[in-house]
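Me: Could you walk me through this model, one piece at a time? I'd like to know where the numbers come from as we go.

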Amino acid sequence: MAEPTAVIVDIPASAELHNAVRDWSRWLSSERRTAEHTTEAYGRDVRNFMHFLAGHLGGPADLSDLANLQAVDFRSYLARRRSEGLSNTSIARSMSAIRSLFRFLERTDVVHNPAINAVRTPKRPHNVPKPLTVGQAVSSVKKISQLQDEGWLGKRDTAVLTLLYGCGLRISEALSLNLRDKPAGNILIVNGKGNKQRMVPVLIVVQEAIDDYITNCPFQLSADDPLFVGKRGGRLGPGIIQRQVRRLRGMLGLPETATPHALRHSFATHLLSDGGDLRTIQELLGHSSL
């Protein structure tokens with residue numbers, strides 16, 4: 001089992017509370033399978049909360065202190081974070097981390113404190129994903145293969161990103177395709193949200209990228225097998241592509257908003273800027289509303 005991160009080690013708390021926070025962090029990683037960067041962010045949020053409590057209570061907190069906290073104490077923490085310039089999104093994530101810790105402590109019969117349920121979390125702003133420029137999107141598709149040591153894996157990642165940008169697919173839609181679903185001619189049938197089907201036109205460059213990947217894939221795939229597979233031949237998970245795109249951001253100097261979903265949004269934005277019909281683009285994306 002992995003050792004706790006430094007942010008978990010460096011908290012002002014009693015030995016019992018320190019151990020409980022460490023167990024929570026390990027539970028996030030091993031049982032909840034929380035992404036590494038999320039676990040680390042949650043760890044930092046809880047560390048900040050413990051430092052706040054140390055000042056708020058006049059010394060390192062222990063388990064009984066957590067059990068006796070009132071809603072006003074949690075609100076004081078949120079007010080402190082807001083005074084430090086944190087956005088609603090960061091404050092909401094911080095509160096999510098604390099709620100996660102308290103749920104774990106209650107589930108393991110360590111601490112019970114219903115007061116946290118009375119605290120409202122700031123609303124996160126609902127932002128439309130920011131599109132990449134045409135140059136950034138094309139560079140992403142062309143360069144992602146360079147991040148893989150094995151050639152077929154690079155071709156696979158290229159094919160996935162080509163589908164996202166060239167056809168406007170959600171990453172979940174692309175990775176749910178089986179071999180039998182690969183484009184037949186210039187049309188791809190996609191099963192979207194709510195199991196709604198839609199037909200998407202497929203560019204030659206998309207067909208070529210998929211065929212190139214299939215030709216070089218070391219596994220003999222049958223019609224019912226996943227189209228995109230991982231190193232061991234199982235269905236490829238979105239976390240791999242998301243990680244590769246994060247690496248791509250550093251390689252190409254792309255903004256933090258460059259994600260797999262941003263490529264789908266770029267598909268729509270670039271079509272619209274070239275004179276595409278808004279209703280048609282809506283249908284291609286599988287959106288229920290404009």
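Reply: Happy to, and let's begin with what a cavity is. On a 1 Å grid over the protein atoms alone, a cavity is a set of points where a 1.4 Å probe fits but cannot get out, and its lining residues have an atom within 4 Å of a point. Grid points are joined across faces, edges and corners, and a volume is the space filled by probe spheres set on the points. This is a predicted model, where local features need pLDDT of at least 70, side-chain atom pairs count only at pLDDT 80 or more, and totals for chains, interfaces and linings use all residues. Residues are numbered from 1 along each chain as its sequence is written, and side-chain values use heavy atoms, with hydrogens and water left out.

Me: What volume does the largest cavity have?

Reply: The structure holds one cavity of 30 Å³ or more. Its lining includes Leu132, Ser140, Leu161 and Thr259. The volume of the largest cavity is about 40 Å³.

Me: How many helices and strands does the protein chain have?

Reply: Helices (H or I, at least four residues) and strands (E, at least two) are DSSP runs, numbered from the N terminus. For the protein chain, the secondary structure comes to two strands and 13 helices.

Me: Which residue in β2 is the bridge partner of Val190?

Reply: Two strands pair if DSSP finds at least two bridges between them. Strands β1 (residues 187-191) and β2 run antiparallel and are joined by five bridges. Leu188 stands opposite Val200 in β2, and the partner of Val190 is Arg198.

Me: Is Arg198 buried or exposed?

Reply: Buried means under 20% relative accessible area, exposed over 50%, and partly exposed in between (1.4 Å probe, protein chains only). Arg198 sits with Val200 on the covered face of β2. Because its relative accessibility is 9%, Arg198 counts as buried.

Me: Which helices do the buried residues of α6 pack against?

Reply: Among the buried residues of α6 are Ile91, Met95, Phe102 and Leu105. Contact means heavy atoms within 4.5 Å. The buried residues of α6 pack against α2 (15-30), α3, α4 (63-68) and α5.

Me: Which residues of α5 are buried?

Reply: Helix α5 (residues 71-83) has 13 residues and reaches 18 Å from its first C-alpha to its last, close to the 18 Å expected. What covers its buried residues includes α3 (36-57) and α6 (88-107). Those buried residues are Ala71, Asp73, Phe74, Tyr77, Leu78 and Arg81.

Me: Is Asp109 buried or exposed?

Reply: Asp109 lies in the loop between α6 and α7 (134-143). Although Asp109 is not a glycine, its phi is positive, about 60 degrees. Because its relative accessibility is 74%, Asp109 counts as exposed.

Conventions:
1 Å grid on protein atoms, 1.4 Å probe; cavity = no way out; pocket = protein on both sides within 12 Å on 5 of 7 lines; lining within 4 Å. Expected span 1.5 Å × (residues − 1).
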